[in-house]
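Could you walk me through this one by question and answer? I'd like each answer to finish on the value or name I asked for.

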Amino acid sequence: MLIFILKRVAWGIATLLIASWIAFMLVHLSGSTPGGVALGQSATPEQVTAYNESIGWYDPWIQQYFAWVAQVLQGNLGTSLIDGRPIGPDIAKRLPVTAALAVFGTLVAALIGVVMGVIAAVRRGAVDKAITATSGILLSVPAFWVGVLLVYVFAVQLRLLPATGFVPFANDPAAWARSLVLPVLTIAITSAAGIARQTRASMSESLAQEHIRTLRAVGTPTNRIIYVHALRGASLPILASVAVMFIVLFSGSVVIEVLFALPGIGQAMQSAVGSADLPFVQALVLVATLVVVIVNVALELLNRTLDPKLRAS
């Protein structure tokens, strides 16, 4: 197991280096320069060139990249070209917003999706068809449309929840929870369908296994067969689906964060790309890639724990 972990850590470091290098090259190929962004349109070409030279923008790319890596290893993610603020503290403030949105959205979607998938696989018939049709509809509905509908119902008509905005947990835990309800529901409703379909397929395959038929023959209670033996056998592809959904939510929650005015990583990425804040874009790509690597390693460790065949390999 130790060798496996070390290999995965090495793979994660290589992934971070490759992703950050690609982001670094795209930033340099974008046509924007730090001087042009920081000084604005009123700056002369000479001023822009002088600014770029002062920060080493014209140095060889490989030299700039390793200088940036050394800076990151010291805990310094750089400075924003727009307002001159350190990027690290800004990301640290935004990270809990996106993390809470992704974690709770994934948990609620997984709960709904697994329940729907298990019911469809076990009940079959009209129930299965109804759940499959509902899943198909939910997969085709845009997330922003669901969010707007929830805001209209729960914020405008019923006045039960805030339409937009975010309250930090340290300021008011109750208000923090209320500010996340609608975004989390939007994510759960639009994401549960994929998990439901994966659960149904995995459970149907698991229930058809020979050992499940043997358990039925010896009189094992049905609930134990379904929720212990069959669900555990179907858990690996379900966990993979849930992990992929978490990664997608964490790295691509721009629509939800903008719709509900949440100051998270997705909103910051949209703003950084729109304003050509090059150091901010690089830092956000690095953070998003790091989360993807951590989730993938955790998933593989969990798979090896649940699957004896993987443990023995």
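**Salt bridges, burial and surface**

Trainee: By about how many helical turns are Arg-213 and Glu-210 separated?

Mentor: Both residues are in helix α9 (residues 210–217). Helices here are DSSP runs of H or I with at least four residues, strands are E runs of at least two, and numbering goes from the N terminus. Since Arg-213 and Glu-210 are three residues apart in α9, their separation is about one helical turn.

Trainee: How many salt bridges does a search of the whole structure find?

Mentor: Some ground rules: this is a predicted model, so local features need pLDDT of at least 70 and side-chain atom pairs count only at pLDDT 80 or more, while totals for chains, interfaces and linings use all residues. Residues are numbered from 1 along each chain as its sequence is written, and side-chain values use heavy atoms, with hydrogens and water left out. A salt bridge takes a side-chain nitrogen of Lys or Arg within 4 Å of a carboxyl oxygen of Asp or Glu. Over the whole structure, the search returns six.

Trainee: Arg-200 pairs with Asp-128. Is Asp-128 buried or exposed?

Mentor: The Arg-200 and Asp-128 salt bridge has its closest N and O atoms 2.7 Å apart. It ties together distant parts of the chain, 72 residues apart, with Arg-200 in helix α8 (residues 173–207) and Asp-128 in helix α6 (residues 125–140). For the labels, buried is under 20% relative accessible area, exposed is over 50% and partly exposed is in between (1.4 Å probe, protein chains only). Arg-200 is partly exposed at 25%, whereas Asp-128, at 8%, is buried.

Trainee: Which residues are linked with Asp-90 in a network of salt bridges?

Mentor: Asp-90 is in helix α5 (residues 87–123) and counts as buried because its relative accessibility is 12%. Asp-90's partners in the network are Asp-83, Arg-85 and Arg-94.

Trainee: And which residues does Asp-90 touch, not counting those up to four places away in sequence?

Mentor: Touching means contact, that is, heavy atoms within 4.5 Å. With sequence neighbours up to four places away set aside, Asp-90 touches Arg-85 and Phe-280.

Trainee: What is the relative accessibility of Leu-278?

Mentor: Leu-278 is placed in helix α14 (residues 278–306). Beyond four places in sequence, its contacts are Val-27, Ser-30, Ser-32, Thr-33, Pro-34, Trp-57 and Leu-81. Leu-278 counts as buried because its relative accessibility is 7%.

Trainee: Which helix gives the largest share of the nonpolar patch?

Mentor: Patches use residues with over 30% relative accessible area and no salt bridge, joining nonpolar side chains (Val, Leu, Ile, Met, Phe, Trp, Tyr) within 5 Å and like charges within 9 Å. The nonpolar one has about 930 Å² of accessible area together, its members including Phe-144, Trp-145 and Val-255; areas come from the Shrake-Rupley method with a 1.4 Å probe, and for residues only the protein chains shown count as cover. Phe-144 is in α7 and is partly exposed at 47%. The largest share, seven residues, comes from helix α7 (residues 143–157).

Trainee: What is the phi of Arg-159, roughly?

Mentor: Arg-159 is in the loop between α7 and α8, and it counts as exposed because its relative accessibility is 69%. Despite not being a glycine, Arg-159 has a positive phi of about 55°.

Trainee: Zooming out, how many helices are there in the protein chain?

Mentor: Along the principal axes, the C-alpha atoms fill a box of roughly 85 × 55 × 35 Å. Of the chain's 313 residues, 39% count as buried. There are zero strands, and the helix count is 15.
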